[in-house]
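I opened the notebook to look up one residue and then the whole chain. My entries follow.

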Amino acid sequence: MPVTSFRVNVNGQERAIEADDQAPLLDLLRNACNLKGTRFGCGTGECGACHVLVDGASVPACDTPAWAVRGKSVVTVEGLSEGGTPSRLQQALLDEQAGQCGYCLSGILASATALLACTPQPTEAQVREALDRHLCRCGAHNRIVRAVLRASAQEVAR
């Protein structure tokens, strides 16, 4: 497979990448960028564990080809913190004890971040709809939804 060079902004840092254009974005992030927070789940874009933000939209990194992010901004779970401290959403997940094993949370954080960026005060139904594609085998969905609503309420209070 042909290897090409291209530029991509990952977590606010411009990077020159050499990769097979058809390689999944997940491989690029985990191997070329050494960012291990994005998880491999199903490999078919069905479970949500690998979601990252590409130009602000939550997308599955396991079936997004590397060529699709040329010149774009990619944010992984590592890029969500604010100056090394957890983001408001990350802190809300901690406060609600929403993570069991945590395998699904990096993808959930990406989708919830995208939701809050476009809908700062979502309803519970909107949160559930935004996270519908994410599988949590531990069954922490209700706590995760509460955490997203908590983060939204904290933004309003600011």
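I looked up Ser 111 and found that at 6% relative accessibility it counts as buried (buried means under 20% relative accessible area, exposed over 50%, partly exposed in between, with a 1.4 Å probe and protein chains only). The model is predicted: local features need pLDDT of at least 70, side-chain atom pairs count only at pLDDT 80 or more, and totals for chains, interfaces and linings use all residues. Residues are numbered from 1 along each chain as its sequence is written, and side-chain values use heavy atoms, without hydrogens and water.

Next I placed Ser 111: it lies in helix α3, residues 105-118. Helices (H or I, at least four residues) and strands (E, at least two) are DSSP runs numbered from the N terminus.

Which residues are in contact with Ser 111, leaving aside neighbours within four places in sequence? I found His 51, Ser 58, Ala 130, Leu 131 and His 134. Contact means heavy atoms within 4.5 Å.

Then I turned to the whole chain. I counted five helices and five strands. Along the sequence they read β-β-α-β-β-β-α-α-α-α. The radius of gyration is 15 Å, close to the 15 Å that the globule rule gives for 158 residues, so the chain is as compact as a globular protein of that length. That radius is taken over C-alpha atoms, and the rule is 2.2 Å times the number of residues to the power 0.38.

I noted the C-alpha trace too: it spans about 50 × 30 × 25 Å along its principal axes. Buried residues make up 44% of the 158 residues.
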